[in-house]
2 protein chains.
Amino acid sequence: MSAGKPKIRLYVGQRLAAAGEVTLGDRQAHYLAHVMRLSRGQAVLVFNDQDGEWRARLEDVARGRALMVVDAQLRVPRAEPGPWLLFSPVKKSSIDFVAEKATELGVSRLWPVYTVRTQTRRISLDRLRNRAVEAAEQCGRLTIPEVWRPISLAALAENWPNDRPLVVLDEHGGGRPINKVLEAFSIPSATHAGFLAGPEGGFAVSELDALAALPFVTRASLGPRILRSETAAIAALVCWQALIGDWTEPPAGR
Amino acid sequence: MSAGKPKIRLYVGQRLAAAGEVTLGDRQAHYLAHVMRLSRGQAVLVFNDQDGEWRARLEDVARGRALMVVDAQLRVPRAEPGPWLLFSPVKKSSIDFVAEKATELGVSRLWPVYTVRTQTRRISLDRLRNRAVEAAEQCGRLTIPEVWRPISLAALAENWPNDRPLVVLDEHGGGRPINKVLEAFSIPSATHAGFLAGPEGGFAVSELDALAALPFVTRASLGPRILRSETAAIAALVCWQALIGDWTEPPAGR
């Protein structure tokens, strides 16, 4: 076996410290013991927002719990600022997709928004968070995006922080091209941006008009083809990372 | 009913001309008659690469065939140049995803590539093409991306056209940030670019070394997080469209 970095990487809610113990619940214990067939003494990576990334060794698995002993810190904790993504829930597979890709693309908050044409009002926040956790484990993040409870578009408009730009992805072409919108942002405000993607079928015209009148809203367009809601959301996050975010940095932890 | 543009939009391989007839096969006939419950005389949009987009009316549905009569041309045919996407086949749902999103993002060729670590060597080109057709119908394209037969990485390197840049998405951080890579391209060559995304688990080091030595290859990095293969592919196409492609244009046909 390689003496390199362990391949398995798990998010752990408990505090991590040298020689400390961590108990993993059913889902993660099953994954380690039965999916990955990890044996006693083998190492995995564990991480969380507060303590960074640590090496830990499997001590024992029994009755659906796994006991790990924490070894050495490999990465110190670090804030991972990123934009917020506000999206109108679509079908389940697309929500899974949005949660996974947005996490890989460094989003800091996932926030469902109900619009006039939103078809799905039943969204499982647990499922959304689990997808985000899995994606964070896989892509090497140290933090998990916050998952916020759904909000109506009207309530969002009323409660939005005035100093944070909200970029509305307007499929009617009412905005400037997204790279021009992002280039015009000053860097400090841009790191706090939010992106709002509409539902399948688009925003209602009345919604777009109301949004356009808000002082913190900028509308952006994503070209001549009609993108699906989740494609637009992901495309906006990619543009943000490429133009403003951290894509000038090398891969983490290599 | 609205007198506006028909909502249903179908790709049709037959030639389209005023007063001409078009016969749709089983899949499309079923879709019109049973999924969309279209009645005789109702209009749909039909399009192809050679003849552009036309309005057509349902004349008859019987025995798994639908007869349409072509009415007026709404959009003239137009080339839709876009980059090529070369990707290592991953699991089926991810291939579907790549075909759909890449088509929405204006790719002109989908080309599977087998690398050392490619896990899946069974890929259905029919399925790939069907997903691309459906996405083209939905997003308003006039053309369908070409679907090419899988090629080995070695054969690709030997047969690649020298005047076309090939951007390798290098998850080891061996390249410059992708927006810097794209900004350095001259526009005529950039419209002919290809993007190569590696398999799950990444390229082998020997593959990356061989690729880096080719005169037409540029390596690009996509930041500190480890993106899944299909996320990297889509992210590259988004960057290309935002920085070089047609995203300065308004939505088509509105």
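A salt bridge is here a side-chain nitrogen of Lys or Arg within 4 Å of a carboxyl oxygen of Asp or Glu, and B:E134 and B:R27 form such a pair, with their closest N and O atoms 3.9 Å apart. The model is predicted, and a search of the whole structure finds 38 salt bridges over all chains.

**Salt bridges**

- In another salt bridge of chain B, the side chains of B:R75 and B:E53 meet at 3.5 Å, N to O; since B:R75 lies in strand 5 (residues 65–75) and B:E53 in strand 4 (residues 52–62), the pair ties together parts that are 22 residues apart in sequence.
- B:R75 is buried with a relative accessible area of 16%, and B:E53 is likewise buried, at 1% relative accessibility.
- In chain A, salt bridges that share partners join A:R27, A:D96, A:R127, A:R131 and A:E134 into one network.
- A:D246 forms a salt bridge with B:R225, and the closest N and O atoms of this pair are 2.9 Å apart.
- This pair crosses between chains, with A:D246 in the segment after helix 8 (229–243) of chain A and B:R225 in the loop between strand 13 (217–221) and helix 8 (229–243) of chain B; both A:D246 and B:R225 are buried.

**Contact between the two helices 8**

- The axes of helix 8 of chain A and helix 8 of chain B come within 9 Å and cross at roughly 75°, and the two helices are therefore roughly perpendicular to each other.
- Chain A contributes A:A235, A:V238, A:C239, A:A242 and A:L243 to this contact, and chain B contributes B:A235, B:V238, B:C239, B:A242 and B:L243.
- Sorted by class, the contact of helix 8 of chain A with helix 8 of chain B has ten nonpolar residues, no polar residues and no charged residues.

**A five-stranded sheet of chain B**

- Five strands of chain B form an open sheet in the order 1-3-4-5-2, with mixed pairing, and its edge strands are strand 1 and strand 2, each of which pairs on one side only.
- On average, and with direction ignored, neighbouring strands of this sheet are turned by 40° against each other.
- Strand 3 and strand 4 of chain B run antiparallel and are joined by six bridges; B:V46 has B:W54, in strand 4, as its bridge partner.
- Helix 3 of chain B packs on the sheet, where it touches strand 1 and strand 3 of chain B, and its direction makes about 140° with that of strand 1.

**Positive phi in chain B**

- Most residues other than glycine have a negative phi.
- B:A19, which is not a glycine, has a positive phi of about 70°; B:A19 is placed in the loop between strand 1 (9–11) and strand 2 (21–24) of chain B and is exposed, with a relative accessible area of 62%.
- B:R37 also has a positive phi, near 50°, in a residue other than glycine; B:R37 lies in the loop between helix 1 and strand 3 (43–48) of chain B and is exposed, with a relative accessible area of 66%.

Technical notes
Residues are numbered from 1 along each chain as its sequence is written. Chains are lettered from A and ligands numbered from 1 in the order in which they are written. This is a predicted model: local features need pLDDT of at least 70, side-chain atom pairs count only at pLDDT 80 or more; totals for chains, interfaces and linings use all residues. Side-chain values use heavy atoms; hydrogens and water are left out. Helices (H or I, at least four residues) and strands (E, at least two) are DSSP runs, numbered from the N terminus. Buried means under 20% relative accessible area, exposed over 50%, partly exposed in between (1.4 Å probe, protein chains only). Axes are lines fitted to C-alpha atoms, for helices over the stretch in contact, and angles run from 0 to 180 degrees between N-to-C directions. Angles under 35 degrees count as roughly parallel, over 145 as roughly antiparallel, 65 to 115 as roughly perpendicular and the rest as oblique. Contact means heavy atoms within 4.5 Å. Ala, Val, Leu, Ile, Met, Phe, Trp, Tyr, Cys and Pro count as nonpolar, Asp, Glu, Lys and Arg as charged, and the others, Gly among them, as polar. Two strands pair if DSSP finds at least two bridges between them.
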